[in-house]
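A guided reading accompanies the sequence and the coordinates.

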Amino acid sequence: MTRGQQFAKTMRYTLSIGTRTRRHTAGRDLHAEILDAINETNLYPGCRNEETEAIFRTALAAYWSHQKHIAGYRVDCRLVAHINAMSPWQFCNLLGRMIDADITNVGEGELFYAELRTELFPPTAPATEIHNETETNVTEYGIFEDGACIEAGFHGETGKAAAEEHVASLVAAHTEMADAYEVLALCPDHEEQPRRDCEECATDGDDLGPGFCMECGETPALDAHQEETGHEMDQPDHPLNAAISVEQATEEEERADVNTAATEQDPGPSLDDYAKASRIIQSLIPGVRR
């Protein structure tokens, strides 16, 4: 186990943080408590046992880097928003990752955040490529470590590729944990849950919803099939979407035919009709000569 992993594990144990623990709970801000624990350990020796203090002191540079660049909003606003939205579990892992990157000062912390920004938000592709990806894949992916989501927010094929590249770097740094990391599609309705393991979504198939596939239907293999083929309701290539599109086109044609027939049957009043009506109205008004 690396120093960063040991830090994340110890911090989660100290503050009773689980994979489903939210940042703001019962009036507490667990991001702030994590940072305070690091700072207090370095300011007040003896406030914790020797082993915990030694582990927490390794995160001092990560603490100051966060305070300057994230709390001080000195980096890309998208990165600030991404880190602030992390769960406490993910935040511990991020600080642990900074420890393993041997961050010793805020300058190195700035370089770390710059690399993280490029990793999470790759340079913008040409507009045509973005348009095509939006049409074919809007799935959100997450990185899982031993079944727990440690990072999310990877969207589409570009995001999935970035997540897989990040996993490859993690595996290269921690070869002993090669089987612990994987990239999975996230359930759109349940936070940080892999879509393939979401029991609620697997059983919620009474009507034709986002989880319905015309090829395999409501089967235990549905999620795996969707991951392999991309057959989802929110994607244009889904067979059911094609059927709906044909039905909508037929309805529009029928409405157009009805409107056309109504226009042909009742062309409406002509200019002569308006002139005749005007003369009749004038004849009814006293003192108006025709």
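Predicted model: local features only at pLDDT ≥ 70, side-chain atom pairs only at ≥ 80, totals over all residues.

Residues are numbered from 1 along each chain as its sequence is written, and side-chain values use heavy atoms, with hydrogens and water left out.

The protein contains 13 helices and 5 strands; helices (H or I, at least four residues) and strands (E, at least two) are DSSP runs, numbered from the N terminus. Of its 290 residues, 38% count as buried, where buried means under 20% relative accessible area, exposed over 50%, and partly exposed in between (1.4 Å probe, protein chains only). A contact means heavy atoms within 4.5 Å. Among contacts between residues at least 6 apart in sequence, 56% join residues at least 24 apart.

In soluble globular proteins, nonpolar side chains tend to be buried together. A nonpolar core is here a set of buried Ala, Val, Leu, Ile, Met, Phe, Trp, Tyr and Cys residues joined through side-chain atoms within 4.5 Å. The largest such core has 47 residues, of which F7, M11, I34, I83, L95, Y113 and L116 touch the most other members. Its largest share, 7 residues, comes from α6. Leaving aside residues up to four places away in sequence, F7 touches I38, I55, F56, A59, C92, L95, G96 and I99. Another core, of 5 residues, lies apart from the largest one and includes F144, A152, L184 and L186.

Helix α4 spans residues 60–70 and contains H66. The buried residues of α4 are A61, A62, Y63, S65, H66, H69 and I70, and their cover includes α2 (30–43), α5 (77–84), α6 and α7. H66 has a relative accessible area of 7% and is therefore buried. Not counting residues up to four places away in sequence, H66 touches L35, A71, F91 and Y113.

Most residues other than glycine have a negative phi. Y73, in the loop between α4 and α5, has a positive phi of about 55°. Its relative accessibility is 58%, so Y73 counts as exposed. D102, in the loop between α6 and α7, has a positive phi near 60°. D102 is partly exposed because its relative accessible area is 49%.

Strand β3 (residues 140–145) pairs with β4 in the antiparallel sense over 5 bridges; two strands pair if DSSP finds at least two bridges between them. I143 stands opposite E151 in β4. The hairpin has 2 residues between its strands, and D146 takes a positive phi near 55° there. Since 6 of the 8 residues of β4 are buried, β4 is largely enclosed by the rest of the structure.

The largest pocket holds about 710 Å³ of space. A pocket is an open set of points on a 1 Å grid over the protein atoms alone, where a 1.4 Å probe fits, with protein on both sides within 12 Å along at least five of seven lines; lining residues have an atom within 4 Å of a point. Grid points are joined across faces, edges and corners, and the volume is the space filled by probe spheres set on the points. Of the 34 lining residues, N93, R97, D100, L170 and H174 lie nearest the centre. α6 gives the most to this lining, with 7 residues.
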